[in-house]
Amino acid sequence: MTYVLLVTGAGGWMFAYAFAKTKSIFAPIGLHFGWILISIVLFSAGPLGNQLFISSSEGVELGGWATLWFFLFQAALVPGIVTWYLNRNYQVSIKELPIEET
């Protein structure tokens, strides 16, 4: 459950941050589409059959360093790259910030 919580949390952070920076729903939708597309095309052993990075032999599971790399890729690297990109390309100017008058 910890794995699912961390990966889901990282994905949620990435989608929410993309929306907050771009002020557009299309950025998180595009990120989600890309995330699912990569998961299905590269790492799926589902209804489409074994894909690019799935072994063709039955009963083979990830373990050790491969599992750690896959987890870090999903939970840290991808959201980190997206956050870096959005910070670099979408700056919020002072004029856009709401001013509260008291």
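Student: What makes Y17 count as buried in this predicted model?

Tutor: The relative accessibility of Y17 is 17%. Buried means under 20%. So Y17 counts as buried.

Student: Why is W13 called partly exposed?

Tutor: W13 has a relative accessible area of 48%. Buried is under 20% and exposed is over 50%, with partly exposed in between. So W13 is partly exposed.

Student: How many aromatic pairs does the structure hold?

Tutor: One. The rings of W13 and Y17 have their centres 5.1 Å apart.

Student: What makes W13 and Y17 a stacked pair?

Tutor: Take the centres, then the planes. Rings pair if their centres lie within 6.5 Å, and here the distance is 5.1 Å. Planes under 30 degrees apart count as stacked. The planes of W13 and Y17 are at 20°, so the pair is stacked.

Student: Where do W13 and Y17 lie?

Tutor: Both are in helix α1, residues 2–22. They are four residues apart, about one turn of the helix.

Student: Why does K23 count as exposed?

Tutor: K23 has 59% relative accessibility. Exposed means over 50%, so K23 counts as exposed. K23 lies in the loop between α1 and α2. Its phi is positive, about 60°, although K23 is not a glycine.

Student: Which residues lie nearest the centre of the second largest pocket?

Tutor: G34, W35, I38, F73 and V78. The lining has twelve residues. Six come from α2, which gives the most.

Student: How do the lining residues of the second largest pocket divide?

Tutor: Nine are nonpolar, three are polar and none is charged.

Definitions and conventions: Residues numbered from 1 in each chain as written. Predicted model: local features only at pLDDT ≥ 70, side-chain atom pairs only at ≥ 80, totals over all residues. Heavy atoms only, no water. Phe/Tyr/Trp six-rings, centres within 6.5 Å; stacked < 30°, edge-to-face > 60°. Helix = DSSP H or I, 4+ residues; strand = E, 2+ residues; numbered from the N terminus. Buried < 20%, exposed > 50% of the residue type's maximum accessible area, 1.4 Å probe, protein only. 1 Å grid on protein atoms, 1.4 Å probe; cavity = no way out; pocket = protein on both sides within 12 Å on 5 of 7 lines; lining within 4 Å. Nonpolar A, V, L, I, M, F, W, Y, C, P; charged D, E, K, R; others polar.
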